[in-house]
Amino acid sequence: MTTAIGVVITDHVVSGRLQDQQLTGKPLRFPNDSQAQQTLGAMPASEMVEIIAGHISLLSKTASGEGAADLAAIGVAVPGIVLRGVVEESPNLKQLKGLRLAELLGAALAEHGVSAPVHLANDADAIAAGVAAARGRLNELIRVWTLGNGIGYGRWPYAEGVWEGGHITVSLDPKERYCGCGGVGHLEGIMGYRAMRMRFLDLEPEEVFANAKKGDARCREFVDLWHRALAAATASFIHLAGPGRFYFTGSNVGFVELPLLRSHLESMVRMSPLQNFSLEILPPDDETALIGAGVSALRALGTGNRG
Ligand SMILES: [Zn+2]
């Protein structure tokens, strides 16, 4: 039996213990109900590391008296660009930028008497890994779009690289400059929640999508652009890595109209060997990324290959 611990950092922290790639017991959460007023956004990185180390320490000592020695790996899913244990960039948790998180967490865990390798994964990659593990598709190419304030792109199996799919250029219009990174014509500049608020100063994104349903021409036009942008980025990845399974999740996944997305995608992907793709919506949850973080950590060690 292989034991791992998965941790997901979003605007909160969720940690859980995995036994043979399955979540066991109740995940720990920060902030919990009694800490509801606290947010990660304003928290110093060192405090965040302590909270995560506390979670891991607790989880490593629970369940049938097994000790921390049985723990094979610790996986942490982080929003942003993660390379070799370092958070290179994290636009929504700026205090993490440049942090050698794997090393710092390892040191904090040592003080709790826990020693297991710490592996960092991008949050969208972790979701892709979680989907692959949960559906028995660890030998297939899985791609995930996460639609929220930012737009994330994740893939399984892990492939070294940056993979900032949310910043792929989908428009040559010089007026398309709402992306959080400042780049012109980016997918996130059209689809991201913050970008939509900047575009429609008079309407919230929820109102834009609701008005479009009621037939408002300006809103309908934008909703179409939103789907065409997602189709364009997806088509680009199909033309690079081939067709296959694409999943859509995140806090704004409710805005996705699959038939509209599919019709735009079909207009963009015309070569018949590339038309064998599938599109599926996943309700957002923390567990998928949590399992994926653990599975990625085990895979990085060269264990947990079964499945
Ligand atoms: Zn960008």
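Trainee: Where is Ser15 found?

Mentor: Ser15 belongs to strand E2, which covers residues 13-19. Keep in mind as we go that this is a predicted model.

Trainee: Is Ser15 buried or exposed?

Mentor: Ser15 is buried, because its relative accessible area is 0%, and the cut-off for buried is under 20%.

Trainee: Which side chain does Ser15 have a polar contact with?

Mentor: That would be His55. The two side chains are joined by a polar contact of 2.6 Å.

Trainee: Great, now the metal. Which residues are the protein donors of the zinc ion?

Mentor: There are two histidines and two cysteines: His167 and His186 donate through ND1, while Cys179 and Cys181 use SG. These atoms lie 2.0 to 2.3 Å from the zinc ion.

Trainee: What spacing do the donors follow along the chain?

Mentor: The pattern is H-x11-C-x1-C-x4-H.

Trainee: And why is the arrangement called tetrahedral?

Mentor: The angles subtended by the 4 donor atoms run from 100 to 118°, so the arrangement counts as tetrahedral. For reference, the ideal angle for four tetrahedral donors is 109.5 degrees.

Trainee: Back to the cysteines. Is Cys179 buried or exposed?

Mentor: Cys179 is buried, at 6% relative accessible area. Cys181, on the other hand, is partly exposed, with a relative accessibility of 48%.

Trainee: Changing topic: what volume does the second largest pocket have?

Mentor: Its volume is about 170 Å³.

Trainee: Which elements supply at least two residues each of its lining?

Mentor: Strand E7 (118-122), strand E9 (151-156) and helix H9 (286-301) each do that. The lining residues include His119, Asp125, Arg155, Trp156, Tyr158 and Arg299.

Trainee: How many of the lining residues are nonpolar, polar and charged?

Mentor: The lining of the second largest pocket has 6 nonpolar, 2 polar and 3 charged residues.

Trainee: One last residue. Where does Arg84 lie?

Mentor: Arg84 is in the loop that runs between strand E5 (81-83) and strand E6 (86-89). Arg84 is exposed, given its relative accessible area of 67%.

Trainee: Which side chain does the side chain of Arg84 make a polar contact with?

Mentor: The partner is Glu160, and the contact between the two side chains is 2.4 Å.

Trainee: And how many residues apart in sequence are Arg84 and Ala102?

Mentor: They are 18 residues apart in sequence, with 8.5 Å between their C-alpha atoms in space.

How values were computed: Residues numbered from 1 in each chain as written. Predicted model: local features only at pLDDT ≥ 70, side-chain atom pairs only at ≥ 80, totals over all residues. Heavy atoms only, no water. Donors = N, O, S within 2.8 Å, 3.2 Å for Na, K, Ca; no water. Tetrahedral: all angles 85-135°; square planar, octahedral: opposite > 155°, others 65-115°. Buried < 20%, exposed > 50% of the residue type's maximum accessible area, 1.4 Å probe, protein only. 1 Å grid on protein atoms, 1.4 Å probe; cavity = no way out; pocket = protein on both sides within 12 Å on 5 of 7 lines; lining within 4 Å. Points joined across faces, edges and corners; volume = space filled by probe spheres on them. Helix = DSSP H or I, 4+ residues; strand = E, 2+ residues; numbered from the N terminus. Nonpolar A, V, L, I, M, F, W, Y, C, P; charged D, E, K, R; others polar. Polar contact = N/O pair within 3.5 Å; in protein donor to acceptor, adjacent residues only side chain to side chain.
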